[in-house]
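Visitor: I'm new to this one and would like a walk through it. Could you show me how to read its features, step by step?

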Amino acid sequence: MNLARWIILVLAFLGLCAVPMTAAATSTGPAALTVSAELNYSSLPPGQQAVLAVVVDIPKGLHAQSHTPSREGLIRFELTATASPSVRFLAPQYPKGQDVTYAALGKLNVYTGQIIVYLPLELDGKAQPGDVQLTGKVGYQLCDDSSCYAPATATYSVITSIVAQGTAVTASQSDLFKAFDPTSFARESTNTPPPAAQQSTGILIQIFGWSFELGQSNYLLAMLLAFIVGILFNLMPCVLPVLPLKAMGFYEVSKHNRARSFLLGTVFSLGLLAAFAVLAVLVVVYQAAWGQQFSKPWFVWTMVTILSVFALGMFGLFSVILPVGVYRFTPTHETYTGNFLFGAFTALLSTPCTAPMFVGLLAWAGAQPRWVGVTEVMVVGLGMASPYLVLSALPEVARRLPRTGPWSELVKQLMGFLILAVAVYFAAGRLISGVNFFWGVYAVLLAACIFLIVRTLMLTTRSRPRGIAIAVATLLAATGLWFTHNLTSEGVPWQPYSQAAFDAARKDGRIVMVEFTANWCANCLELESRVFRNPRTSEHIRKLDVVPLRADLKDEDAPGWPKLRELNPSGGIPLTAIYSPNATQPRLLSSIYTTDNLVDALTQAASADRK
């Protein structure tokens with residue numbers, strides 16, 4: 001009997017010990033939290049990007065170490081996803097922890113109450129229809145004010161359906177997703193290895209009609225392209241007047257001191273690179289849009305003022321009425337400070353014209369670690385600066401330009417007209433809505449043409465230079481008139497973009513075309529003149545019952561900015577998004593494209609709706 005009693009007592013003791021062990025293993029009891037998950041779409045077509053919101057409720061009086069614990073050795077909060085052959089998971093977005101000081105534990109970075117972790121994901125483009133289960137785990141450690149429990153895990157699971165391409169899906173209206181940052185689709189690295197079919201997928205690069213895919217690990221090619229694109233920046237209409245202007249300046253200095261010419265070119269390049277460094281941080285790190293600074297009135301009017309001062313200096317006004325101290329701010333008098341500031345100014349001046357050339361490389365940069373993305377933007381600046389370094393080191397390239405006398409003054413004054421045209425371009429764009437502001441730019445061009453003819457007639461009696469001047473002036477005036485008239489004539493019957501107008505058009509089941517543009521974007525105006533004023537474009541919009549919405553980004557608070565960042569985190573324009581009635585993702589036409597490209601995209605959108 002004594003032996004039986006001992007056996008009963010031992011079994012009872014083991015039974016009592018088993019209770020807390022079971023609780024810890026199954027994540028129940030006082031040291032447990034509850035986890036639920038919700039997807040932001042009712043179902044997923046192939047290629048769809050989506051977000052899983054994992055909601056974690058931490059019991060009252062307890063806290064969990066955050067994803068970024070305050071001290072080394074603490075168990076951080078971690079969400080993982082179970083690998084799936086049809087789903088590509090991106091890095092989770094964790095909430096920020098709060099710093100709390102506990103008497104017994106010290107200062108900790110913790111989560112309390114309810115938190116939401118976002119798990120971005122993308123469905124494989126070849127995924128087959130059927131049900132798919134999205135599962136994973138949450139690893140955590142809970143503590144109270146004086147002690148911590150053993151690390152534990154909890155699971156989450158969501159079942160959804162993969163549907164055929166073109167099938168209508170419903171987006172969740174839950175407030176759970178309001179804090180999600182959509183730019184993570186462009187910049188975050190993957191959390192699990194992508195399927196084999198996706199491993200070679202890169203970023204689509206489009207430059208002057210040439211398209212190719214740039215892989216995520218093609219660093220050398222990306223940097224080479226960045227350098228070439230930087231050189232091409234100097235050919236954009238906003239920057240083009242600067243190149244011959246600096247060539248003349250370096251040549252004049254080199255006649256007295258060749259070494260100083262190269263030093264001035266170096267200082268100019270450093271100013272340009274300094275501006276690109278600031279732009280790199282703003283665009284890559286803080287996700288600002290390339291050229292977005294031109295939507296800020298104070299920035300535009302500052303640029304207009306500087307350009308106007310430059311133009312007046314080219315006209316010789318400073319040498320007549322202003323004191324000697326003003327010379328340091330004019331492009332005709334080379335100083336180290338002036339060259340540095342002029343270099344930075346030139347970099348900023350390039351941004352409204354160069355976004356279309358740069359949009360693919362910005363997307364590639366956004367998907368890289370930030371130091372790689374910043375480096376790539378800096379290489380673009382280095383490419384843009386390289387012609388000025390060459391000009392300062394080899395100023396002989398400017399020898400064919402008139403060096404002294406009235407012909408030299410004529411060339412300088414014509415450059416002044418070019419700079420004044422750029423100033424009017426930005427100023428009129430702020431004062432006049434729509435595209436009619438371009439008549440102000442044409443007025444400056446026409447004045448330059450008349451000036452060229454009159455001055456040539458005054459400078460020479462020879463028939464050949466007079467004939468050349470009249471022919472050049474007539475050609476420029478006629479071409480400018482054709483472009484301006486075409487740009488400002490009646491074209492697509494645009495409706496102003498707003499989220500309400502967009503949602504209403506989508507609800508009606510119609511094709512929706514959203515054009516993201518701004519009158520400070522020179523390439524947008526070129527696209528407007530050549531594509532959207534083409535009768536074929538208007539005909540297809542009418543025939544296919546397309547709702548054309550124009551997102552004018554002239555102002556920094558324009559309603560189109562959030563949608564643009566959703567579609568293109570780098571913010572490059574021009575960009576046109578075409579939505580089929582039943583598709584969740586639009587067809588995108590970025591950079592410069594043709595009327596045929598637009599008509600084909602609209603036709604494909606209509607065809608997809610009929611399938």
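Guide: Let's start with pairing: two strands pair if DSSP finds at least two bridges between them. Helices (H or I, at least four residues) and strands (E, at least two) are DSSP runs, numbered from the N terminus. Here, strands E14 and E16 run parallel and are joined by two bridges. Across from Arg-550 in E16 stands Pro-496.

Visitor: Before we go on, what kind of model is this, and how are residues counted?

Guide: The model is predicted, so local features need pLDDT of at least 70 and side-chain atom pairs count only at pLDDT 80 or more, while totals for chains, interfaces and linings use all residues. Residues are numbered from 1 along each chain as its sequence is written, and side-chain values use heavy atoms, with hydrogens and water left out.

Visitor: What pLDDT does the protein chain average, then?

Guide: pLDDT is the predictor's confidence in each residue, from 0 to 100. The average for the protein chain is 76, and 73% of the residues score at least 70. A contact, by the way, means heavy atoms within 4.5 Å. Residues 318–332 also stay under 50, with 18 contacts beyond four places in sequence.

Visitor: How many helices and strands does the protein chain have, and how much of it is buried?

Guide: There are 17 helices and 18 strands. Buried means under 20% relative accessible area, exposed over 50%, and partly exposed in between (1.4 Å probe, protein chains only). Of the 611 residues, 48% are buried. Take contacts between residues at least 6 apart in sequence: 76% of them join residues at least 24 apart.

Visitor: Back to strands. Which strand pairs with E16 over seven bridges?

Guide: In general, strands of a sheet pair through backbone hydrogen bonds, either parallel or antiparallel. Strand E15 (residues 511–517) pairs with E16 in the parallel sense over seven bridges, and Ile-511 sits opposite Val-546 in E16. Strand E16 itself (residues 546–552) is mostly covered, with five of its seven residues buried.

Visitor: Where do I look for antiparallel pairing, and which strands stand at the edges?

Guide: Look at the open sheet of four strands, in the order E1-E2-E8-E5, where the pairing is antiparallel. Strands E1 (34–39) and E5 (87–89) stand at the edges with a single partner strand each, so one side of each has no neighbour in the sheet. From one strand to the next, the twist averages 30°. E1 and E2 pair over six bridges, and the bridge partner of Ser-36 in E2 is Val-55.

Visitor: Now rings. How many aromatic pairs are there?

Guide: A pair of aromatic rings is described by the distance of the centres and the angle of the planes. Rings of Phe, Tyr and Trp (its six-membered ring) pair if their centres lie within 6.5 Å; planes under 30 degrees apart count as stacked, over 60 as edge-to-face and the rest as tilted. The whole structure has nine aromatic pairs. In one of them, Phe-268 and Phe-342, the centres are 5.9 Å apart and the planes at 85°, so the pair is edge-to-face. Phe-268 is in helix H5 (residues 258–285) and Phe-342 in helix H8 (residues 336–366), 74 residues apart. Phe-268 is buried at 0% relative accessibility, and Phe-342 is buried at 5%. Together with Tyr-388, these two form one aromatic cluster.

Visitor: What about Trp-494 and Phe-532: buried or exposed?

Guide: Both are buried. They too make an edge-to-face pair, 5.1 Å centre to centre with 65° between the planes. Trp-494 lies in the loop between helix H12 (463–488) and strand E14 (495–496) and Phe-532 in helix H14, so the pair ties together parts 38 residues apart in sequence.

Visitor: And what does Thr-537 touch?

Guide: Not counting residues up to four places away in sequence, Thr-537 touches Val-492, Val-531, Phe-532, Thr-595 and Leu-598. Thr-537 belongs to helix H15 (residues 535–543) and is buried, at 1% relative accessibility.

Technical notes: Axes are lines fitted to C-alpha atoms, for helices over the stretch in contact, and angles run from 0 to 180 degrees between N-to-C directions.
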